[in-house]
Amino acid sequence: MLAPVPRPPGSLAVRCSRALLSPRSRLSLLALLLLTAASLVVLYEPQRMLASGWPPHTSGAGAVLLFGLAYGVCAAAFVPRPVLNLAAGALFGAAAGLTGALAGTVLGAGIAFTLGRFLGRDALRPLVRGRWLTAADGQLSRHGFRSMLAIRLFPGVPFAAANYCAAVSRMRYVPFLVATALGSLPNTAAYVVAGAQAGSPGSPAFLFSAGFIVLSGLGAAVVAWRKRHGLRAAVPAPAREAAPEREPVLP
């Protein structure tokens, strides 16, 4: 009888590492991270810490830099961006607040995109089926920059949802981050100015920013209503099965 072939040393470790690095394991890790982040937001409410005068012992550019870093982590952890933008304006004024808020927006989007790309993409790509999902994936993959720019310009799509949808698609890093920065600028500026002018709600700057926020929301609703047919038409209907040819009847 033939002797059994001995297994190579370290095969168990190799199998374990493959299991831990499998798409499903990485997706489970991503789900755990997102659940932990959401739980921490609910328990500790970091947006209150940012809005209550943090950081207390720093000032100037250092404070704006620290705020931008904290903003990015909080945005990636599902803290609502409008609250963070209002806090940026209330703490640092319009100009410095906009700098910190925009930097934090890009940082938070980059963190979410990286997590989604490396931990969830391989497991979620095979699940991109159906008319709407296929159309959205094709739009982001083929026209990533302009699609993400439109998503950021017109509020309505949740920030985290847009980040992870882009990560699952074939969109590249640079177009994603540049479109996020440019598209988020108008709406972020409106919220920051509103936060900076919150003490004088009758001022022209506050009224203009509040009006812009309302109009941009209405514009997003109108665009989404008109574009729904475009998304449906982006995926061709399944081809009908051809009727079988009838065999000629011999006389």
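Analyst: Of the contacts (heavy atoms within 4.5 Å) between residues at least 6 apart in sequence, 77% join residues at least 24 apart. The model is predicted, so local features need pLDDT of at least 70 and side-chain atom pairs count only at pLDDT 80 or more, whereas totals for chains, interfaces and linings use all residues. Residues are numbered from 1 along each chain as its sequence is written, and side-chain values use heavy atoms, with hydrogens and water left out.

The protein has ten helices and zero strands; both are DSSP runs numbered from the N terminus, helices being H or I of at least four residues and strands E of at least two. Of its 251 residues, 31% are buried, where buried means under 20% relative accessible area, exposed over 50% and partly exposed in between, with a 1.4 Å probe and protein chains only.

The largest nonpolar core contains 22 residues. Such a core is a set of buried Ala, Val, Leu, Ile, Met, Phe, Trp, Tyr and Cys residues joined through side-chain atoms within 4.5 Å. Tyr71, Leu84, Met148, Ala166 and Phe176 have the most contacts inside this core. Two or more residues each come from H2 (23-44), H4, H5 (81-124), H8 and H9 (173-196), and H5 gives the largest share, five residues. A second, separate core of five residues includes Leu30, Ala112, Ala160 and Tyr164.

Phe176 touches Ala109, Gly110, Phe113, Met148, Arg152, Asn163, Ala166 and Met171, leaving aside residues up to four places away in sequence.

Helix H7 (residues 144-153) packs against helix H8 (residues 159-168) at an angle of about 170°, with the axes 11 Å apart. Axes are lines fitted to C-alpha atoms, for helices over the stretch in contact, and angles run from 0 to 180 degrees between N-to-C directions. H7 is therefore roughly antiparallel to H8; angles over 145 degrees count as roughly antiparallel, under 35 as roughly parallel, 65 to 115 as roughly perpendicular and the rest as oblique. Met148, Ile151 and Arg152 of H7 meet Phe159, Ala162, Asn163 and Ala166 of H8.

Tyr71 is one of the buried residues of H4, which also include Val64, Phe67 and Cys74. Helix H4 (residues 60-76) has 17 residues and reaches 25 Å from first to last C-alpha, close to the 24 Å expected, a span of 1.5 Å times one less than the number of residues. After H4 comes phenylalanine 78, with a positive phi near 75°.
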